[in-house]
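Have the viewer open and follow along.

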Amino acid sequence: MASTLCCRASLLVSSNATRRRFHLVASFSTLSSSSSSYLKTGCVQSLPFVRLLRSKFSIRAPDMTVPAVKMEASSNNVPSIVVYVTVPNRDAGRKLADSIVKEKLAACVNIVPGVESVYEWEGKVNRDPEELLIIKTRQSLLPALTEHVKANHEYDVPEVIALPIGGGSVEYLEWLKNSTRE
């Protein structure tokens, strides 16, 4: 049933990215409504699609078509990171993203709309709509990027969280290196 729903749903949307997103959402919602016995265990490992997802998307999958490289395995790449920064609205996100790329502090910044943040500030729990910047850059640029965000962000304490990139497309990682300052 999930595959039937997903195939029909993919015909309703036009872009590949939207199609992939809708496919997974439809699978999850179908499973959550028809397979409640799996959810009673409280363990995602018991869901029937976990093994399939691992085989299709694991970096160790033998049928993987995108060449992957570990960061330390290639001299053409540098240690790289993904940095999350939240902003209050689209205009603030665009302004900050443009300045980050212009200063070559990052190769690319994605602006993800529709994020809702729940946090405690000054003793009160708040819930605010925000947008998320996903910034791809060199690890060595994190201090300069952090200072740039602090100097150009309207929040008193802006979120700047970095995660390492363990591998990926050789061509993309080389482009990331060549698109940022040293």
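## Helices across the sheet

Helix 5 (residues 90-102) lies across strand 2 (80-87), strand 3 and strand 4, with contact meaning heavy atoms within 4.5 Å. Its direction makes an angle of about 125 degrees with strand 3. Axes here are lines fitted to C-alpha atoms, for helices over the stretch in contact, and angles run from 0 to 180 degrees between N-to-C directions. Helices (H or I, at least four residues) and strands (E, at least two) are DSSP runs, numbered from the N terminus.

Helix 7 (residues 170-178) also lies across strand 2, strand 3 and strand 4, running at about 95 degrees to strand 4.

## About the model

This is a predicted model, in which local features need pLDDT of at least 70, side-chain atom pairs count only at pLDDT 80 or more, and totals for chains, interfaces and linings use all residues. Residues are numbered from 1 along each chain as its sequence is written, and side-chain values use heavy atoms, leaving out hydrogens and water.

The open sheet is built from 4 strands in the order 3-4-2-5, with antiparallel pairing; two strands pair if DSSP finds at least two bridges between them. At the edges are strand 3 (108-121) and strand 5 (161-164), each pairing on one side only. On average, neighbouring strands are turned by 30 degrees against each other, direction ignored.

Strand 3 and strand 4 (residues 124-138) share 12 bridges. Along this pair, asparagine 110 sits opposite isoleucine 134.

## A residue to look up

Asparagine 178 belongs to helix 7. Asparagine 178 counts as exposed because its relative accessibility is 61%, where exposed means over 50%, buried under 20% and partly exposed in between (1.4 Å probe, protein chains only). Asparagine 178 and alanine 107 are 71 residues apart in sequence, with 8.2 Å between their C-alpha atoms.
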